[in-house]
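This briefing concerns the contacts that one chain makes with its two neighbours. Please consult the sequence and structure shown here before reading on.

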Amino acid sequence: MYPAAFEYHAPGSVKEALDLLGKHKDDAKLLAGGHSLIPMMKLRLAQPKHLIDLRKISGLTGIKQDGNVLAIGAMTTHWDVESSQLVKSKLAVLSEVAALIGDPAVRNKGTIGGSVAHADPAADYPAAIIALGAEMVCEGAKGRRTVKVDDWFKGLMATAVGEDEILVEVRVPVLAAKTGAAYMKFPHPASRFAVVGVAAAVTLDGNGACSKASIGITGAGTKAVRAKGVEAGCTGKRLDAAAIEAAAQKAAEGVDVQADLQGSVEYKSHLCRVFAKRALTEAVKRAGG
Amino acid sequence: MKLPVKMTINGQSYSHEVEPRLLLVHYIRETVGLTGTHVGCDTSQCGACTIIMDGQAVKACNFFAVQADGANIMTIEGLAKDGELHPIQQGFWEKHGLQCGFCTPGMIMSVYQMLERYPKPSEELIRHQLEGNLCRCTGYHNIVKAIEWAAEHMPAKK
Amino acid sequence: MATVAADRLFGKSIKRREDPRFITGRGQYVDDLKLPGMTYAAFVRSPHAHARIRKIDTAAAMRHPGVVAVFTGKDMTGVNSLPCGWDLRKAKNIPGVVQDLAIVPHMPLSSDAARHVGDPVAVVIADSHEAAVDGAEKVQVDWEPLPSVTITEKAVESGAPKLHEGAPGNVAFKWEIGDRAATDAAFKTPGAVTVKKRIVNQRLVANAMEPRACVARFDEATGELTLWVTSQNPHVHRLLMCAFVLGIPEHKVRVIAPDVGGGFGSKVFLYNEEVVCSWATRRLKRPVRWTASRTEAYQTDAHGRDHVTDAEIALSPEGKMLGLRVKTTANLGAYLSTFAPAIPTFLYGTLLNGVYTFGAIHCEVTGVFSNTTAVDAYRGAGRPEACYLLERIVDAGARAIKMDVAELRKKNFIPKFSGAYQTLVAVSYDSGDYGLAFDRCLQMLDYKKFRTEQEAARKQGRLLGIGFSTYIEACSIAPSKLVGALGAGAGLYESGKVRVHPTGMVTVYTGSHSHGQGHETTFAQLVADKLGIPIEQVEIVHGDTGQIPFGMGTYGSRSGSVGGTAILMSLNKVIEKGKKIAAHLLEASPNDIDFSGGQFQVKGAPGKAVPFGAVSLTAYVPHNFPEGVEPGLEETSFYDPSNFCFPFGAHACIVEVDRETGNVRILRYLAVDDVGNVINPMIVDGMVHGGIAQGVGQALCEGAVYDGQSGQLVTGTMMDYALPKADMLPMYETDRTVTPTPVNPMGLKGAGETGTIAATPAVVNAVVDALAPLGVDHIEEMPMSAQRVWKIIQGAKSAR
């Protein structure tokens with residue numbers, strides 16, 4: 001309940017924050033919403049010597065439409081995303097995902113950047129940003145660079161953000177025409193993290209067949225992954241119940257399923273398939289199919 | 001190394017030098033001396049520490065006091081005005097929405113935000129919005145009733 | 001007592017008088033206390049399930065800035081073991097009961113070995129919380145890890161790691177009740193249908209929302225120790241600590257349990273931490289405070305349940321209950337907690353008759369030690385375990401003879417009675433009308449209609465099910481002589497002092513303690529009614545040994561029935577004395593004085609009356625006063641009940657199971673309870689609601705799990721141990737029948753634990769019913785997590 005001692009910094013700019021990161025390196029952690037980091041510090045599972053709080057840096061919050069992309073500042077809270085009229089009208093699924101994270105108080109402080117950079121294997125956003133084909137904007141001393149979501153999640157709580165970089169923006173394309181997206185989750189009864197969470201975005205062509213399927217799976221493995229097997233099983237097909245069922249069978253492929261109290265490898269793999277089916281079914285419905 | 005923090009709690013200004021690692025809930029309870037906000041767990045599940053900070057419900061156990069520098073905070077002690085209970089407090093009393101009282105302050109502060117955002121919540125919405133608040137005594141039945149009572153007795157929004 | 005007069009408070013749902021402080025954040029819980037010069041304690045605990053202590057090096061911790069002292073078990077000379085307050089060996093002359101108990105040492109700070117994860121071995125006391133915790137990290141313990149055993153059935157296997165020298169094979173006790181020969185014969189009845197099932201009642205963590213805490217302050221000038229502690233029974237804490245552990249004079253110790261945030265049994269027991277803090281404050285001459293983190297609470301608050309049972313029922317083909325045979329292994333944890341041996345024995349086996357007439361019953365229990373947290377009473381304490389197995393095996397029996405589960409129950413209910421029903425397992429029930437409660441439940445639920453709906457749902461492939469629980473339980477504990485004969489180290493009476501002030505205000509001191517039960521309201525209703533005074537003139541004081549005569553506290557649903565009766569006795573004495581004073585004032589004989597509506601009046605002469613306030617003033621200003629009567633108006637009573645009381649009822653749960661995930665959703669939950677008379681219906685309803693939630697929690701999501709290899713408590717935080725949240729529970733549909741108990745004058749049976757006792761089997765039976773079309777006829781283990789249910793569904797599919 002009493003974290004180890006640390007020094008606290010609240011820089012006023014990204015540059016200041018980067019300088020602090022560069023100075024303290026491994027001894028420093030960035031603090032965004034704090035709802036992943038501070039619990040670990042209270043249990044002394046994390047003991048950073050320096051905490052760099054990003055809350056005073058302007059320009060890191062807010063949701064703007066930039067062409068056909070929603071540009072979301074990394075420090076934008078889950079509640080901001082959940083309640084945003086812009087998100088609800090252009091990318092409703094993202095609002096739905098945000099609404100399922102944690103609980104109302106957690107959503108007031110937790111941030112999309114924190115969630116995506118921390119990459120808890122059971123977090124919700126990672127599945128959604130994979131399915132939606134997001135890009136992450138990182139800023140370092142040398143300037144900004146963009147990382148595609150397929151290059152983002154590297155391993156257990158490891159992402160492409162460099163040690164000397166800060167994630168500053170998440171850019172999520174709005175849904176193309178005739179595209180429906182949905183996120184379905186099986187929550188952990190205690191923590192309400194995703195035991196399994198599947199996000200599916202499906203685009204239909206003129207004949208009602210699936211021209212593109214994009215599926216992200218979180219919860220069961222060590223990191224969120226793209227369900228390539230499911231996607232292949234969808235593309236080019238009319239997605240009736242049987243087709244969805246068949247495609248969903250591949251949902252656990254590529255997921256390094258971790259057994260725990262909530263589920264054996266067998267059960268969690270099964271849940272991947274069930275929720276892939278449910279997410280696809282809803283996505284197809286929303287696409288107008 | 002201690003840092004200065006200044007914040008407004010229930011309309012009163014407080015200034016202290018604190019260690020960065022001091023959690024906001026301990027600042028409120030031990031340094032400021034407002035013990036109505038409670039600590040029930042160490043993993044942010046229970047919600048007994050919920051306060052309103054800059055208009056939003058926040059779990060004070062999951063926040064450092066230094067992060068709250070400049071914030072405007074309302075705790076349970078600040079809800080009743082001039083001795084008059086807030087409708088949420090009254091609702092919990094009318095409908096027996098508490099037994100041991102330990103989860104109650106955090107529960108009431110969560111409901112404060114709930115009714116601001118959803119003035120006429122359905123039972124389903126109420127139960128969903130209570131995900132972050134645990135009660136071991138009431139089985140939630142009367143808490144739902146208390147919130148429904150409060151929703152009906154809230155002053156009309158201007 | 002069936003109807004309530006308009007101006008009476010008994011039976012009225014008035015708002016609680018204690019609420020104003022709680023809803024404004026002005027409760028006074030132990031952790032809210034601030035004393036000058038206060039120090040903070042942090043305990044050094046074993047990270048191992050089982051390990052010998054080679055050496056403890058406290059030097060670095062001592063040097064940490066802010067640390068005032070570091071103590072280990074070796075420093076605490078002259079301090080004894082935490083006592084076990086129930087010695088089964090003393091259960092003399094009980095027919096059919098074999099008594100045996102290994103009393104093993106349980107030192108406040110262990111010096112030889114740690115026997116469970118979290119077992120405390122040292123304490124660091126500092127000027128601040130942070131310094132204490134930082135200092136505790138610097139204590140270096142040289143551990144020699146030993147093999148551990150945490151799984152209940154494995155603890156008694158040959159070759160299992162041994163925890164205590166005095167407990168060979170890790171056996172704490174062996175106990176039995178009932179008639180073994182008659183039961184064996186019953187099972188051999190020609191034509192009998194017998195069903196045997198393995199039934200597990202999993203370990204639970206009480207999880208009161210307020211973690212345990214204490215503040216101990218020694219006043220060197222007066223030699224007095226004051227201990228504020230989260231206790232359900234401050235006098236018991238004081239007695240155990242003074243007489244058994246620390247050897248300090250009882251009259252120089254004051255134990256105060258202020259506002260306490262829930263207990264559910266877990267705050268009954270004397271724990272290591274308050275003993276260490278009480279010892280340390282006498283050494284340091286400064287107050288010492290300790291508050292558990294939730295993680296510590298998971299590791300050290302007494303756990304509940306943890307039984308593994310083979311249960312067998314024998315039925316005639318027509319559905320008569322011929323016999324019940326029960327073999328239980330009960331995990332007691334690493335040590336004997338304060339009341340531990342009583343829970344799986346006298347509070348368990350004695351309830352196995354249930355609400356049914358049986359031909360014969362036999363139950364044997366083996367209590368075992370394991371490298372886990374000590375197990376003791378948790379809401380229901382033995383009775384949930386009994387009810388669970390009975391209601392599950394009855395359902396299994398019904399299925400075996402292809403009889404409707406409701407019909408089998410009805411066929412075997414003990415017929416309505418009042419006065420005594422002697423069971424086959426020692427206890428005699430007080431009063432009951434089991435059929436009435438069940439009929440009411442079936443009516444509320446429209447049972448026939450549900451079965452029709454279920455048929456239709458099943459045709460659509462939906463898995464809908466209903467489960468019943470017709471329960472009985474024993475509470476209002478208990479007759480002192482009886483429990484003494486069974487091994488209790490204490491009486492189970494209750495104290496109640498009524499002090500009338502000169503101005504007619506009344507302060508009542510009760511040995512009961514409220515940590516959510518609302519005694520400040522319900523007891524005041526009782527007093528105001530009886531004395532005919534406004535409730536505003538009544539104050540209820542609880543939780544302070546400095547003010548209250550010795551009482552046994554609140555658990556076992558005893559406060560209304562035992563605590564309330566003690567108060568009633570004192571009220572009657574006050575009225576009797578008041579009549580003598582009034583008679584003198586009215587120049588009449590005391591026999592001619594009636595007391596009603598707050599007035600003492602001469603029978604048949606309504607004009608000749610004096611109000612209560614005039615009599616109270618006279619008592620303290622005795623100028624015009626009867627000869628031979630002492631001044632003053634206050635009375636103390638100790639009520640020792642003549643029997644337990646036996647609330648009963650019928651709960652029903654309707655569930656739907658998601659076939660794909662195994663997730664169980666409760667659609668409806670109904671409860672009909674008979675708790676005898678009721679002082680405040682709203683408060684009793686609240687008790688039932690909360691109890692149901694806990695029972696549902698056990699059925700669906702809770703469970704304390706130890707890793708069988710490492711001995712680690714896997715469910716060690718609220719992130720891992722799933723407590724029921726608002727969105728998984730329905731609104732409860734509740735009703736009551738009223739069968740007053742003849743045991744106490746107010747006819748109160750007790751209500752606090754009924755919901756927890758009844759709910760768990762109702763939910764599990766419902767899930768079994770839901771899965772019946774798939775060929776499932778039993779579920780051995782809980783919680784019925786989605787995974788568990790899914791596996792059962794898969795297993796049933798492949799078995800076909």
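Between chain C and chain A of this predicted model, 12 residue pairs are in polar contact, both residues being at pLDDT 80 or more. A polar contact is a pair of N or O atoms within 3.5 Å; within protein, one must be able to donate a hydrogen and the other to accept it, and residues adjacent in sequence count only if both atoms are side-chain atoms. Local features need pLDDT of at least 70 and side-chain atom pairs count only at pLDDT 80 or more, whereas totals for chains, interfaces and linings use all residues. Residues are numbered from 1 along each chain as its sequence is written, chains are lettered from A and ligands numbered from 1 in the order in which they are written, and side-chain values use heavy atoms, with hydrogens and water left out.

**Chain C against chain A**

- The largest share comes from α3(C), with 5 residues.
- By class, this side of chain C has 9 nonpolar residues (Ala, Val, Leu, Ile, Met, Phe, Trp, Tyr, Cys and Pro), 9 charged (Asp, Glu, Lys and Arg) and 7 polar (the others, Gly among them).
- The interface holds 6 salt bridges, each a side-chain nitrogen of Lys or Arg within 4 Å of a carboxyl oxygen of Asp or Glu.
- One of the salt bridges joins C:E137 and A:R44, at 3.0 Å from N to O.
- In contact (heavy atoms within 4.5 Å) are 25 residues from chain C and 24 residues from chain A.
- The buried area is about 2,000 Å², of which carbon and sulfur atoms give 57%; this is the accessible area (1.4 Å probe) that two parts lose on being put together, summed over both.

**Chain C against chain B: area**

- Here 55 residues of chain C are in contact with 48 residues of chain B.
- About 4,500 Å² is buried, and carbon and sulfur atoms give 57% of that area.
- C:I23, C:M209 and C:M731 supply 18% of the area that chain C buries against chain B, more than any other three residues.

**Chain C against chain B: polar contacts and elements**

- The count of salt bridges is 6, and B:E30 forms a salt bridge with C:R289, with the closest N and O atoms 2.8 Å apart.
- There are 26 residue pairs in polar contact, both at pLDDT 80 or more.
- Of the elements of chain C, α17(C) gives the most to the side that touches chain B, with 8 residues.
- That side divides into 25 nonpolar, 15 polar and 15 charged residues.

Technical notes:
Helices (H or I, at least four residues) and strands (E, at least two) are DSSP runs, numbered from the N terminus.
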